Amino acid sequence: MSELFFRRYLISSLFKLSRNQAHTMREKELTTSFFIYDSLQELSKEDQDLMNLAKKSLDHSWSPYSEFKVGAAVLLKDGKMYGGSNQENAAYPLCLCAERVTIAAAESQSPHIPIMSIAVTVKNPNQLIDQPAAPCGSCRQVICETERKHKQEIRVLIRGEVGPIYMFKSGKSLLPFSFDETFL
Ligand code: THU
């Protein structure tokens with residue numbers, strides 16, 4: 001095979017290879033779902049209590065910069081509940097979200113008891129929030145990793161100041177394509 005022929009052969013096969021690879025591209029869909037309750041009364045007594053603790057926890061929010069209060073509460077397998085709220089800092093990136101404050105409180109005081117549910121509610125003194133606020137990506141990641149720690153799905157209930165409650169059966173359903181320790 002002459003050098004020129006070989007070079008042409010190589011270039012044309014590389015070209016074919018890249019075209020073939022393009023044909024292998026495919027789309028994969030990630031779907032998720034959640035449940036909508038129109039009022040607190042539709043929830044079980046336990047979920048109502050949890051949402052009420054999240055609401056009470058709004059009073060302990062320290063949010064002078066955003067003025068956006070977030071209250072959360074977790075229910076543990078032994079029935080214990082912990083509340084928590086967002087805690088802000090003038091050094092903005094240090095602000096702590098209510099979900100992570102609350103999970104950290106529970107995990108540091110009851111490290112061996114799985115969290116079964118987390119309820120989250122919000123309040124903005126400047127406007128009435130009547131739809132649930134979506135938990136941020138970092139909090140979703142922490143919820144997912146807490147599920148893996150205890151091998152227990154965590155139900156996520158979210159609500160605005162008033163209005164419907166959205167219930168996700170697990171943190172994973174809020175963050176379907178998530179990083180975990182198996183990648184390490
Ligand atoms: N925040 C939470 O507490 N949870 C979330 O999932 C999203 C945002 C807080 C952080 C900050 O104090 C305020 O809301 C505005 O971003």
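1. At 55% relative accessibility, Phe183 counts as exposed (over 50% relative accessible area; buried is under 20%, partly exposed in between; 1.4 Å probe, protein chains only). Phe179, at 45%, counts as partly exposed.

2. The model is predicted: local features need pLDDT of at least 70, side-chain atom pairs count only at pLDDT 80 or more, and totals for chains, interfaces and linings use all residues. Residues are numbered from 1 along each chain as its sequence is written, and side-chain values use heavy atoms, with hydrogens and water left out.

3. Phe179 and Phe183 form a stacked aromatic pair, with 5.3 Å centre to centre and 20° between the planes. Rings of Phe, Tyr and Trp (its six-membered ring) pair if their centres lie within 6.5 Å; planes under 30 degrees apart count as stacked, over 60 as edge-to-face and the rest as tilted. The count by this rule comes to 4 aromatic pairs.

4. The ring centres of Phe34 and Tyr166 lie 4.7 Å apart with planes at 35°, so this pair is tilted. It links distant parts of the chain, 132 residues apart: Phe34 lies in the loop between helix H1 (3-23) and strand S1 (35-37), Tyr166 in strand S6. Phe34, Tyr166 and Phe168 form one aromatic cluster.

5. Tyr166 counts as buried at 18% relative accessibility, whereas Phe34, at 36%, counts as partly exposed.

6. In helix H2 (residues 45-57), the buried residues are Asp47, Leu50, Met51, Ala54 and Ser57. They cover an arc of only 115° around the axis, which puts them on the same side of H2 (the arc is that of the directions from the helix axis to the C-beta atoms). Lys45 and Lys56 are exposed on the other side.

Methods
Helix = DSSP H or I, 4+ residues; strand = E, 2+ residues; numbered from the N terminus.
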